[in-house]
Amino acid sequence: MEPSFGPERPSPEHTIPPTPLRPPGLEFAMGVALFGVIVLVFFLVQSGVFIRNVMNMTPEYQGRGFSFMLVNEPHFQERMMALGTNGDALAPAALWSGLAGLVLIVASVVLWKRGRTARFLGLQLPHWRPALIWTGAFLLLGLAIEGAARLSPIFRTDFMQQVLATITDTAPLVLGVGIMAPLFEEFLLRGLLFGSMRHLLDEHTSVAITAGVFALMHMQYSVAIILLILPMGVVLGYARARSGSIWVPVALHMLNNLVTVFLG
């Protein structure tokens, strides 16, 4: 039998699995391997779209055929560095890589888990009391982080300000950073990875691991900022585990990103 996924209660259609369950260790290994493949595809798509955008925004590279070998050219590397915080270059990359990753997660988990997909990813509606409790915890943490940023410059970042200053159309930024990025990251971490961890590990360890990976996925920020992102990942993880639904961390993550996009 599979171990419990926290406080979620299986619906009647999931009481008897439609196919024989594999050993928990094998399910765990399959989930981790799938996680690695999806992360690789995500970064390949993100890099490819970003490189194409840099080419389109650099006159001497316009009209040239696409090639990942461009990254070895010193001048192109300089252009990539210069456009590393450019909103017009980053927003489409976030949108298309997130969409590709999200579709791959859902399609692969449906093929893998079949009738257990909804419970594995947490697609059911949340238990509202824990959802409200962890929403409150997330908002309080956000206030604490804002206070830390006001008290010390090491907890401040101008990354989003630079992105907003260079964007010519905010729609791709809202879609890519405000909506698609939270959807992809939550389905990847609090969906696929958390569900895979729970085949062998307890709730607290699974939350801790997904929070650590969440922090490491934001390497564009300083170490101090990453240390602030870590507790956000912990709260989002418990919001997923205790509410029984991925939609709670998705909504909180979207709220955080949209506030950042609109308020800088």
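This is a predicted model: local features need pLDDT of at least 70, side-chain atom pairs count only at pLDDT 80 or more; totals for chains, interfaces and linings use all residues.

Start by selecting R190 and E186: these two sit four residues apart in helix α7, so about one helical turn separates them. Their side chains meet in a salt bridge, 2.7 Å from N to O.

Next, pick R242 and E203, another salt bridge, with the closest N and O atoms 2.7 Å apart. This pair ties together distant parts of the chain, as R242 belongs to helix α9 (residues 223–243) and E203 to helix α8 (residues 203–216), 39 residues apart. Is E203 buried or exposed? E203 is buried, at 11% relative accessible area, whereas R242 counts as partly exposed at 31%.

Now go to E73 and R64, whose side chains form a salt bridge at 3.3 Å, N to O. Both ends are partly exposed here: E73 has 26% relative accessibility, and R64 has 38%. While you're at it, select R22, E27 and K113, which are linked in a salt-bridge network. The count for the model is six salt bridges.

Time to go inside. The largest nonpolar core has 55 residues, and the ones touching the most other members are I38, I105, V109, L173, F187, L188 and L192. Helix α7 (residues 170–197) is the top contributor to this core, with 13 residues. Centre on L188: which residues does it contact, leaving aside neighbours within four places in sequence? They are F35, I38, V39, I105, L193 and M217. There is also a second, separate core of eleven residues, V49, F50, I51 and A93 among them.

Select L139, L255, V259, F262 and L263 to see a nonpolar patch of about 520 Å². Helix α10 (residues 247–263) gives the most to the patch, with four residues. L263 is part of that helix and is exposed, with a relative accessible area of 71%.

Look for R114 in the loop between α3 (87–113) and α4 (117–121), where R114 is exposed at 52% relative accessible area.

Last, colour by pLDDT. The chain mean is 90, and 92% of the residues reach 70 or more. Residues 1–20 stay under 50, and the model has 38 contacts beyond four places in sequence for that stretch.

Methods
Residues are numbered from 1 along each chain as its sequence is written. Side-chain values use heavy atoms; hydrogens and water are left out. Patches are made of residues with over 30% relative accessible area and no salt bridge: like charges are joined within 9 Å, nonpolar side chains (Val, Leu, Ile, Met, Phe, Trp, Tyr) within 5 Å. Accessible areas come from the Shrake-Rupley method with a 1.4 Å probe; for residues, only the protein chains shown count as cover. A salt bridge is a side-chain nitrogen of Lys or Arg within 4 Å of a carboxyl oxygen of Asp or Glu. Buried means under 20% relative accessible area, exposed over 50%, partly exposed in between (1.4 Å probe, protein chains only). pLDDT is the predictor's confidence in each residue, from 0 to 100. Contact means heavy atoms within 4.5 Å. A nonpolar core is a set of buried Ala, Val, Leu, Ile, Met, Phe, Trp, Tyr and Cys residues joined through side-chain atoms within 4.5 Å.
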